[in-house]
Amino acid sequence: MELNGVTIDDTYAEAFPTWVARPIITAVTEEWAYKAAVEAVGFATSTIGCPAEAGIDCFVSPDETPDGRPGYAIMICASKKKLKEQVVERLAECILTAPTTAVFDGLSDVVAEVPEKLPVKLHFFGDGYEEKREVGGRTVWAIPIMEGEYIGEEEFGAVKGVAGGNFFIMGENQMAALMAAQAAVDAISGVCGVITPFPGGIVASGSKVGSKKYKFMGASTNEAYCPTLKDKVEGSKVPEGVKAIYEIVIDGVDEDSIKTAMAEGIRAATKVPGVKFISAGNFGGSLGPFKFDLKDVLADYL
C-alpha cells in the first residue's frame, strides 16, 4: 500500500483501555489559559513511569465556554483508581494556583454519554469563606484567593477511553522524520477528543514491553526499530534507507477518535519529502485489546 508515494506497512497499532477526564480551563486571556493548561498536563507522557498520561486537547473559544472567556480543554488519562487523584492534584496544584483561572467539565462536549462523575472538592481550600454560584447555567464554587476569586465546578465526568493508538514515521534522515512528525501532530491537533501526550506530541524513544536482558525493567528500547542497530540485531524492522524513526502516540475518548487522529496524522506525514515508510507498534496482544489496522484507518485515502 502507498499513500502520497509513501509505503504503508501491512500491520496494526495495538492500544489499551484507560479512563479519561476532560476539564476546560479558562482565563482572562488565551495566553494565561494556555500556561495553566501546560502546567496541568506536566509529567504525564507515559504510564510506564508517569502517574497519568495527559495533554492539551484543543482551544475552546469564548463563545463555547461557560464563563465566556478563552480556554483550553485538557485530557487526563489514568486507571479508574488513579484518575480522581490525578484530576484533584493537577487542578489543585496547577490551576487553582494560576492567575485568573476557572475550571469546568468539558467531557460531555465530545462524548454522548458520561458514565461516571468524579467529585473534586477544592472548595475546602476556602476555609469556610467559599460559596456556591451559578456560571453559564452550571453550579460552581467561588473560592476567595489573594488575586480575587477562583471559580470551579466540582464534578468532572469520566469515560472509559483508549490509550496507545500509534504509528511510526520513518525518514531518510532525522530532520525529514522530525518534520513529518511535527506535521502529523499539527494535523491531529484539529481532532477533538484526542491528545498526543509525549513532548511536542512526538516519541523519540519508542519502547517494547519488558526487557530481554534486565528483568526488573517494565519497558525497554524497541531495538527492532533502532536504525543504529539495523545490522546488529536479528529481525530488524528498519527498512533500507531509513535513518530515523519517530512514534506518534494518541490517547482518545473512544476508538473512532483514535482512528480519525491516526488517519489525519499519517496523511499529513506522508506529504513531507524524505518520508519513506509508515508502520505501527504492536505486541501480539500483550499490551491491550484494541487493534487499529493501518489499511482500515486509511481506507478513505488509499
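What is the volume of the largest pocket? The largest pocket has about 530 Å³. The model is predicted; local features require pLDDT of at least 70, side-chain atom pairs count only at pLDDT 80 or more, and totals for chains, interfaces and linings use all residues. Residues are numbered from 1 along each chain as its sequence is written, and side-chain values use heavy atoms, with hydrogens and water left out.

Pockets and cavities were located on a 1 Å grid over the protein atoms alone. A pocket is an open set of points with protein on both sides within 12 Å along at least five of seven lines. A cavity is a set of points where a 1.4 Å probe fits but cannot get out. Lining residues have an atom within 4 Å of a point. Points are joined across faces, edges and corners, and a volume is the space filled by probe spheres set on them.

The largest pocket, at about 530 Å³, is lined by 26 residues, with Ser46, Ile48, Phe198, Ser207 and Glu247 closest to its centre. Strand 3 (12-21), strand 12 (155-171), strand 14 (207-209) and strand 16 (244-252) each give two or more residues to this lining. Helices (H or I, at least four residues) and strands (E, at least two) are DSSP runs, numbered from the N terminus. The lining comprises 12 nonpolar, 10 polar and four charged residues. Here Ala, Val, Leu, Ile, Met, Phe, Trp, Tyr, Cys and Pro count as nonpolar, Asp, Glu, Lys and Arg as charged, and the others, Gly among them, as polar.

The second largest pocket holds about 420 Å³. Its lining has 20 residues, and Gly55, Ile56, Thr196, Gly200 and Gly201 lie nearest the centre. Two or more residues come from each of helix 1 (30-40), strand 5 (53-60), helix 3 (174-188) and strand 13 (194-195). Strand 5 supplies the largest share, four residues. The division is 12 nonpolar, six polar and two charged.

One cavity of 30 Å³ or more was found. The largest cavity has a volume of about 30 Å³. Val120, Leu122, Trp141, Ile143, Tyr150, Gly152, Glu153 and Glu154 line the largest cavity.

Asparagine 166 lies in strand 12. Asparagine 166 is buried, at a relative accessible area of 3%. Its side chain reaches the backbone oxygen of glycine 164 at 3.1 Å and the backbone nitrogen of glycine 281 at 2.6 Å. Beyond four places in sequence, asparagine 166 touches Ala13, Glu14, Glu247, Ile248, Val249, Met262, Ala280 and Gly281.

Most residues other than glycine have a negative phi. Phenylalanine 43, in the loop between helix 1 and strand 5, has a positive phi near 45°. Phenylalanine 43 is exposed (over 50%), with a relative accessible area of 58%.

Terms used: Buried < 20%, exposed > 50% of the residue type's maximum accessible area, 1.4 Å probe, protein only. Polar contact = N/O pair within 3.5 Å; in protein donor to acceptor, adjacent residues only side chain to side chain. Contact = heavy atoms within 4.5 Å.
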